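Please keep the sequence and the model in view while reading.

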Amino acid sequence: MLWQKREKLAVIVGVHAVDGVLVVETTNNGAGAILASKTALISSDLGGVTWVGGHPLFAQPAAHAMLFTQASSRVPQVEDGLNFQRVTLRPKLSVTPIHFDPPTRPNCGEAQGFYDAFGQPTFEGQFISVKRQDTCGEFVARFDWLTAPAAH
């Protein structure tokens, strides 16, 4: 069993391996509502069990990295953009919060609606794509999650 801070985690929702690391997704829930998502990264190279708040969305094993939601939310969309965590598995484990501002196009005004108004983000390789709309029409914004700088 996995234990954290002497509290048994309520539900294991997924187990898989990425880049030689066992990834165990867990949630604490109550009355049908998910209260917290945490993921255990287990590897002797990492020194045992390392916990990351949030849950994984996408893995890029060739780059030794995984993309996670933020610890405080199951969805990346916020009013001022998209928030994620990049977890680098090798050579040393690191967790980096990353943020993408809403895109704008010249002479097209601000993008309309909340991010999820036009569908959820999709993930392919090192890119996150999200459909948006402004006064010039619909467009797809792409963000590189592997090379994005740390959020401030």
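Read along the sequence, the chain of this predicted model follows the pattern β-β-β-β-β-β-β-β-β-β-β-β-β-β. It holds 0 helices and 14 strands, where helices (H or I, at least four residues) and strands (E, at least two) are DSSP runs numbered from the N terminus. Residues are numbered from 1 along each chain as its sequence is written, and side-chain values use heavy atoms, with hydrogens and water left out. Because the model is predicted, local features need pLDDT of at least 70 and side-chain atom pairs count only at pLDDT 80 or more, while totals for chains, interfaces and linings use all residues.

Of the 152 residues in the chain, 38% are buried; buried means under 20% relative accessible area, exposed over 50%, and partly exposed in between, with a 1.4 Å probe and protein chains only. Among contacts (heavy atoms within 4.5 Å) between residues at least 6 apart in sequence, 37% join residues at least 24 apart.

**Nonpolar cores**

A nonpolar core is a set of buried Ala, Val, Leu, Ile, Met, Phe, Trp, Tyr and Cys residues joined through side-chain atoms within 4.5 Å. The largest one has 13 residues, and those with the most contacts inside it are F84, I98, F100, I128, F143 and W145. At least two residues of this core come from each of β8 (65–68), β10 (81–88), β11 (94–100), β13 (127–134) and β14 (137–144). Strand β14 gives the largest share, 3 residues. Leaving aside residues up to four places away in sequence, I128 touches L67, F84, F100, P121, T122, F123, A141, R142, F143 and W145. A second, separate core has 10 residues, including V18, V23, M66 and F68.

**Aromatic pairs**

Rings of Phe, Tyr and Trp (its six-membered ring) pair if their centres lie within 6.5 Å; planes under 30 degrees apart count as stacked, over 60 as edge-to-face and the rest as tilted. By this rule there are 5 aromatic pairs. In one of them, the rings of F84 and F123 have centres 6.3 Å apart and planes at 85°, so the pair is edge-to-face. It links distant parts of the chain, with F84 in strand β10 and F123 in strand β12, 39 residues apart. Ring pairs also link F58, F84, F100, F123, F143 and W145 into a cluster.

**An open sheet**

Strands of a sheet pair through backbone hydrogen bonds, either parallel or antiparallel. Here two strands count as paired if DSSP finds at least two bridges between them. An open sheet is formed by 3 strands in the order β12-β13-β14, with antiparallel pairing. Strands β12 (122–124) and β14 stand at the edges, each with a single partner strand, so one side of each is left without a neighbour in the sheet. On average, neighbouring strands of this sheet are turned by 30° against each other, direction ignored; such angles run from 0 to 180 degrees between N-to-C directions, and the axes are lines fitted to C-alpha atoms, for helices over the stretch in contact. Between β13 and β14, which run antiparallel, there are 8 bridges. In β14, F139 is the bridge partner of R132.

**The disulfide**

The link of C108 and C136 is left-handed, with -90° about the S-S bond. C108 lies in the loop between β11 and β12 and C136 in the loop between β13 and β14, so the pair ties together parts that are 28 residues apart in sequence.

The accessibility of several residues discussed in this report is tabulated here.

| Residue | Relative accessibility | Class |
|---|---|---|
| C108 | 7% | buried |
| C136 | 47% | partly exposed |
| F84 | 0% | buried |
| F123 | 23% | partly exposed |
| H64 | 30% | partly exposed |

**Backbone features**

Most residues other than glycine have a negative phi, and most peptide bonds are trans. D19, although not a glycine, has a positive phi of about 55°; D19 lies in the loop between β3 (11–18) and β4 (21–30). H64, also not a glycine, has a positive phi of about 55°, and H64 is found in the loop between β7 (56–60) and β8. A cis peptide bond joins R90 and P91, with omega about 5°. P91 is placed in the loop between β10 and β11.

Notes
Disulfide = S-S within 2.5 Å.
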